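Hi,

Here is the structure I promised to pass on to you. Please have a look at it first, and then read my notes below.

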Amino acid sequence: MHVNTGAGSPAMAQYRNDGESAVAEPHQASVESIVHSFEEADQHQHVDLSGYAFEDWFCLALFWVMGALVFLQFFTRYVLNNSFAWTEELAVYALIGVVFMGSAMCVRACRHIQVDFLYRYLPKRPARVLATLIDLLRTLFFGYAVWLVYRYIDLVGVEPMTTIMWDKAYVYWLALAGFVMMFVRSVQVSVQNWRQGYSSLENPAAYQSLD
């Protein structure tokens, strides 16, 4: 029996139709998945900014000021061949502010360097006592740092800057504000740890969602 497998045969036409369907279905599915992803993106246009606090926005603004100063320094040095000396000094001072205010952010989010190895082997009650002691010592340290920086400002705050006739007290006040915020956030974190019954040292997995 001879079976016609030419281009115009019904069997060949059926094969072509089946092949085109097999190619079209994955392509159509991929297009639909892309459209669905765009629809989901449109449904999630709301941005939640409730997790950010004052120090976050202040640090962000200060970071942009520092970036503008660095760009101005680069532009005046390599384009105008007449560098503004004060841009470098002010950029350094802005970086100091970013560091101290950023430290307050880390205290609030419990993101400073911590060693939780010992807590894996301690029973729950001794671990809770030790974590509470650490919260207390951390808060006392920040409070003591606030007092030290304030005394330092009182002693050498009138010292002028190198390139601008401004007092260095402006820089020290930024450091003082950072330590004040660290103290306040440390108190809040300590109270929260006491109420919930654990800290990031005792239960690191509970804080992984904040990353």
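First, some housekeeping. This is a predicted model, in which local features need pLDDT of at least 70 and side-chain atom pairs count only at pLDDT 80 or more, while totals for chains, interfaces and linings use all residues. Residues are numbered from 1 along each chain as its sequence is written, and side-chain values use heavy atoms, with hydrogens and water left out.

Helices (H or I, at least four residues) and strands (E, at least two) are DSSP runs, numbered from the N terminus. Of the 211 residues, 27% count as buried; buried means under 20% relative accessible area, exposed over 50%, and partly exposed in between (1.4 Å probe, protein chains only). Among contacts (heavy atoms within 4.5 Å) with a separation of 6 or more, 66% are between residues 24 or more positions apart.

Now for the inside. The largest nonpolar core has 26 residues, where such a core is a set of buried Ala, Val, Leu, Ile, Met, Phe, Trp, Tyr and Cys residues joined through side-chain atoms within 4.5 Å. Leu90, Ile153, Phe179 and Met182 have the most contacts inside this core. At least two of its residues come from each of α2, α3, α4 and α5, and α3 gives the most, with 8 residues.

A search of the whole structure turns up 11 aromatic pairs. Rings of Phe, Tyr and Trp (its six-membered ring) pair if their centres lie within 6.5 Å, and planes under 30 degrees apart count as stacked, over 60 as edge-to-face and the rest as tilted. Phe71 and Phe75 are stacked because their ring centres are 6.4 Å apart and their planes are at 25°. These two residues are 4 residues apart in helix α2, so about one helical turn separates them. Phe71 is exposed, at 56% relative accessibility, whereas Phe75 is partly exposed, at 34%.

Finally, the pockets. On a 1 Å grid over the protein atoms alone, a pocket is an open set of points where a 1.4 Å probe fits, with protein on both sides within 12 Å along at least five of seven lines; lining residues have an atom within 4 Å of a point. Grid points are joined across faces, edges and corners, and a volume is the space filled by probe spheres set on the points.

The largest pocket holds about 230 Å³ of space. Its lining has 18 residues, with Val107, Cys110, His112, Gln114 and Arg138 nearest the centre. Helices α3 (85-109), α4 (124-156) and α5 (169-196) each give two or more residues to this lining, and α4 gives the most, with 5 residues.

The second largest pocket has a volume of about 190 Å³. Its lining includes Gly51, Tyr52, Trp57 and Arg108. Helices α2 (54-78) and α3 each supply at least two lining residues, and the largest share, 4 residues, comes from α2.

Enjoy exploring!

Best wishes
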